[in-house]
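Colleague: I have not looked at this one before. Could you take me through how to read it?

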Amino acid sequence: MMKKDIRQFGSGNLGGTNTARVLGTPWGLLVIVLDASKALLAMYVTSFIDPNMIPYAGLMAAIGHCYPVFANFKGGKAVASCFGYMLGISILISHNFFPCIACVYPYCFLNFLSFLYLYYQ
């Protein structure tokens, strides 16, 4: 959309943080949401096919984010994909949203605060 290859700028990763650095915060947040949705959607679709394979679908989505075929196996760090994975585990397997918030929220909030501090410094 922005006619820039973000792999040529910043850290060279395809993740949301580098996108925020190169294209701006709104685009970075969009990439983070889409990356998290990628793992969650893979797990949701797999729940209809074979519920026993739900964890593996999310794991493969996160690994696919780290090593995408179309980018010569140089992708992002899968932070948002792992958040989507944990969200899928807590919703689709344990049927409870609380484990995801209890385990991930403090780390995500700390990461978000450090991002804001470094970004607006």
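**Reading the model**

Modeller: Start with confidence, since this is a predicted model. Among the elements of the chain, helix 2 (residues 25–49) has the highest mean pLDDT, 92, and helix 5 (residues 98–119) has the lowest, 59. Over the chain, the pLDDT averages 81, and 77% of the residues score at least 70.

Colleague: How many helices and strands does the chain have?

Modeller: There are five helices and zero strands. Read from the N terminus on, the order is α-α-α-α-α.

Colleague: How is a pair of packed helices described?

Modeller: Two numbers are used: the angle between the two axes and the distance between them. Here, helix 3 (residues 54–66) packs with helix 4 (residues 79–93) at an angle of about 170°, and their axes are 9 Å apart. Angles over 145 degrees count as roughly antiparallel, so helix 3 and helix 4 are roughly antiparallel to each other.

Colleague: Which residues of helix 3 and helix 4 make the contact?

Modeller: Helix 3 contributes Ile54, Pro55, Gly58, Leu59, Ala62 and His65. From helix 4 come Ser81, Cys82, Tyr85, Ile89, Leu92 and Ile93. By class, this contact of helix 3 with helix 4 has nine nonpolar residues, three polar and no charged ones.

Colleague: What share of the residues of the chain counts as buried?

Modeller: Of the 121 residues, 30% do. The accessible surface of the chain comes to about 8,100 Å², and carbon and sulfur atoms hold 71% of that surface.

Colleague: And contacts along the sequence?

Modeller: Take the contacts in the chain with a separation of 6 or more: residues 24 or more positions apart account for 41% of them.

Methods:
Residues numbered from 1 in each chain as written. Predicted model: local features only at pLDDT ≥ 70, side-chain atom pairs only at ≥ 80, totals over all residues. Heavy atoms only, no water. Axes fitted to C-alpha atoms, helices over the stretch in contact; angles between N-to-C directions. Helix = DSSP H or I, 4+ residues; strand = E, 2+ residues; numbered from the N terminus. Parallel < 35°, antiparallel > 145°, perpendicular 65-115°, else oblique. Contact = heavy atoms within 4.5 Å. Nonpolar A, V, L, I, M, F, W, Y, C, P; charged D, E, K, R; others polar. pLDDT = per-residue confidence, 0-100. Buried < 20%, exposed > 50% of the residue type's maximum accessible area, 1.4 Å probe, protein only. Areas by Shrake-Rupley, 256 points an atom, 1.4 Å probe, with all protein chains shown as cover.
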